Amino acid sequence: MTPACHLRTPIIAISRHIAAAFCTTLLASGAAAQESASVAETRPGLCSNPQNLISSQIESGITEGGDIRLESGRGSIAVNGDAILTDGVSASRGNFRIDAQQGRFERASNSLSLDGGIEYSGGGARIRSDRALLSYLYGRVEFSQAMFELGNGAARGSAGLLRINQSGTLRLESADYTTCPPGQNDWVFTAREINLDTDNGVGEARGLKLRFKGVPILYAPYLSFPISAKRKTGFLIPDPGQSSINGFDISVPWYWNISPAYDATLTPRILTRRGIQLDTTFRYLTPRSSGEAQVAHLPDDDLTGLDRTLLRWTNTTDFGGRWRAFADITDVSDSNYLEDLGGSLASASVTHLNRSLGVGYFGEHWRADARVTNFQTIDEIIGGEDLPYRILPGISVSGRWADLPGGFSFELDSEATRFDRSVGVTGNRMHFAPRLSLPIEGNGAYIKPSVAWSLTHYQLDENDTVTDRSQSRSLPIVSIDAGLKFERDTGHGRYRQTLEPRLYYVHVPFRDQDALPVFDTIQPITSIEQLYRENRFIGIDRIGDTDQVTLGLTSRLLRKQTGETVVTATIGQNRNLSTRSVTLPGVAPLGGNSSDYIAELAVNVWGNWNVDFAQQWNTENSRTSRSEVRLQYQPGRRRVVNLSYRFRRDSVEQGDISWSWPLASRWNLVGRYNYSFRENKPLERFFGIEYESCCWALRVVSRRFIRNRDGTSDSIVSLQLELKGLMSVGDPVNELLERGILGYRSTTD
């Protein structure tokens with residue numbers, strides 16, 4: 001559980017690339033080369049005495065065993081053991097190398113000093129400095145007036161002093177850092193002093209400044225921060241925003257590292273038109289449980305006069321032995337909380353909040369769970385018998401056994417559920433459904449006959465509308481699913497085309513179910529998947545009488561060399577062999593001898609063009625019931641245009657266009673316009689512009705969207721400044737663009 005902290009990225013880079021490159025590579029290699037040194041000449045810790053090594057290198061120029069190589073143009077050794085190296089000095093081992101014009105080894109201090117034109121490379125880091133000191137006695141490496149590059153030039157900086165100690169600490173004095181190329185310091189991160197403790201994963205900085213285009217945008221006299229996955233208490237990056245309804249909106253999160261198993265984030269949020277909200281999120285991770293609890297409270301909202309509160313708790317507990325418990329509970333103080341304080345089109349469409357507790361078992365063949373579920377209905381229009389039922393409790397047990405003797409497969413689904421509500425019929429439902437099937441597969445063909453028995457029993461509570469409290473339904477279900485697959489080469493052998501016909505037959509006899517209650521059953525929208533389901537309803541309160549054949553055909557065109565699918569086309573229809581009588585209350589029985597035609601087409605044309613098309617055609621009245629089409633043009637990573645249209649008779653008719661397109665080498669235009677033709681108004685629209693250089697990006701987006709279920713709109717202007725490799729300031733605009741523009745890729749990606 002690591003808190004988000006944008007400042008951590010460059011510090012990790014500095015500590016890992018420099019400290020690891022110098023301390024572990026250079027100093028450890030010196031220790032490795034001393035394995036043959038006498039005990040009397042060896043110091044404890046990371047760094048060993050290099051006297052024998054240096055003496056032998058001056059004489060031979062080669063490390064015995066090949067662990068380290070030290071060369072110089074000329075060298076001399078004094079009687080006291082000091083050594084002077086001139087005419088170029090070079091030390092190397094593995095992928096590291098350090099060069100200097102001259103060097104000196106001092107026996108008394110057990111150190112090697114290098115001067116003039118020092119260059120170090122290795123471990124993804126490059127260092128240039130005037131002077132370097134390798135102190136083996138104290139386990140220290142120092143570079144004076146150092147210029148460094150990290151990640152093969154992806155980041156660079158300088159330091160008056162760069163010191164790495166064997167204790168795992170890195171110290172930088174008078175340091176600066178940027179990811180901009182040389183001569184283009186658009187942003188620079190400077191500090192008077194930086195200390196990085198790589199062992200403990202903690203860093204400290206003093207005199208911290210951040211300049212953008214020469215203008216200071218951040219200053220901190222002291223800052224403590226994590227430089228690893230270890231968590232650390234402190235402030236995170238603020239999140240500012242602007243809304244026409246809420247006014248100026250800024251959140252300043254503070255992270256609290258309570259213990260290795262617990263943490264919390266306290267986020268004061270200032271909304272200039274509403275007041276101050278405090279959002280507290282507590283997380284825990286124990287050997288058996290993990291979860292999150294959130295409390296957000298806005299006292300005395302200035303616009304509504306209400307106290308606004310959100311409570312949320314999620315939990316998963318593993319008891320071992322395949323037993324688990326779970327919880328998912330959300331509660332808000334009023335029906336408009338998510339609309340007013342959620343800030344998205346999705347929040348306006350939420351009608352119920354889930355509250356459930358349960359326990360489950362997950363075995364090799366068996367799966368069982370028991371749960372209690374309640375809902376908070378936040379859409380005030382929904383009431384009476386339209387309210388969802390409470391499940392108090394629901395117990396389900398299922399089993400799956402494949403590859404039984406004779407090739408048979410057996411499945412079992414069962415449940416016992418208590419449905420409760422303040423209005424309408426309530427009671428218990430028990431369901432038991434075993435199934436036996438015999439799947440047979442051959443070369444390019446398969447057939448799967450199946451037989452099942454569905455037994456459902458209701459024990460209802462006393463009610464003025466209930467005439468028979470005990471009711472049952474029992475019926476068999478027989479189905480046969482069969483298909484073929486033909487292949488051929490086409491396009492002069494470049495493509496492979498398939499033809500995959502499928503036949504699905506299902507028979508369910510009629511049972512009068514008008515007296516049975518409807519607890520959780522609906523009639524879904526017709527789709528390709530729905531054509532191949534045994535029950536035309538979702539849920540078990542109604543099982544449709546069925547005697548029908550489904551005929552379907554799928555064809556694919558694939559590139560033989562890559563296996564990439566170029567075209568996929570599918571069409572299907574149900575043919576009814578008898579009249580269907582079972583229906584939901586208030587819904588007329590389905591007529592006709594066949595279902596609508598369902599067709600889907602997906603085409604990847606010329607690599608840059610993609611087309612997805614779905615059509616539902618009613619054969620009785622010869623008109624379209626549902627239609628969806630999407631066209632995407634994406635000729636490059638940052639170039640994409642999407643056009644889409646959705647139609648559902650008597651329900652939805654919307655058009656949508658979104659794009660991300662460069663105006664120039666560094667300027668990018670982004671936007672989306674979602675319009676409802678049925679309501680004659682836009683649902684969501686945003687327009688923005690991005691500027692991107694090699695080391696920073698700026699995004700400005702103006703957005704207007706429906707905030708409330710009553711159609712009330714809100715306008716927001718968002719700004720995000722991204723300093724690559726360092727931090728991001730402002731609204732997370734890139735997240736909005738990724739959700740709203742299919743195929744959009746941010747600079748972070």
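Asp369 is buried, with a relative accessible area of 18%, where buried means under 20% relative accessible area, exposed over 50% and partly exposed in between (1.4 Å probe, protein chains only). This residue belongs to strand E23 (residues 366-377); helices (H or I, at least four residues) and strands (E, at least two) are DSSP runs, numbered from the N terminus. Leaving aside residues up to four places away in sequence, Asp369 touches Val359, Gly360, Gly394, Ile395 and Ser396, a contact being heavy atoms within 4.5 Å.

The model is predicted: local features need pLDDT of at least 70 and side-chain atom pairs count only at pLDDT 80 or more, while totals for chains, interfaces and linings use all residues. Residues are numbered from 1 along each chain as its sequence is written, and side-chain values use heavy atoms, with hydrogens and water left out.

**Salt bridges**

Side chains of opposite charge can pair when their charged atoms come close. A salt bridge is a side-chain nitrogen of Lys or Arg within 4 Å of a carboxyl oxygen of Asp or Glu. A search of the whole structure finds 49 salt bridges. Three of them are listed here.

| Pair | N to O distance |
|---|---|
| Arg283 and Asp263 | 2.8 Å |
| Arg308 and Asp340 | 3.0 Å |
| Glu534 and Arg435 | 2.7 Å |

The salt bridge between Arg283 and Asp263 joins strand E18 (residues 275-285), which holds Arg283, to strand E17 (residues 262-271), which holds Asp263, so the pair ties together parts that are 20 residues apart in sequence. Asp263 is buried, at a relative accessible area of 1%.

In the salt bridge of Arg308 with Asp340, distant parts of the chain are linked: Arg308 is in strand E20 (residues 308-320) and Asp340 in helix H3 (residues 337-342), 32 residues apart. Arg308 and Asp340 are both buried.

Glu534 and Arg435 form a further salt bridge. Because Glu534 lies in the loop between helix H5 (528-531) and strand E32 (546-559), and Arg435 in strand E26 (residues 427-437), this pair ties together parts that are 99 residues apart in sequence. Glu534 counts as buried at 16% relative accessibility. Elsewhere, salt bridges that share partners join Arg638, Glu690, Glu692, Arg699, Glu722 and Lys724 into one network.

**Nonpolar cores**

A nonpolar core is a set of buried Ala, Val, Leu, Ile, Met, Phe, Trp, Tyr and Cys residues joined through side-chain atoms within 4.5 Å. The largest such core has 49 residues, and Leu114, Phe143, Leu162, Trp187 and Leu723 have the most contacts inside it. Another core, of 11 residues, lies apart from the largest one and includes Ala452, Leu475, Tyr504 and Tyr532.
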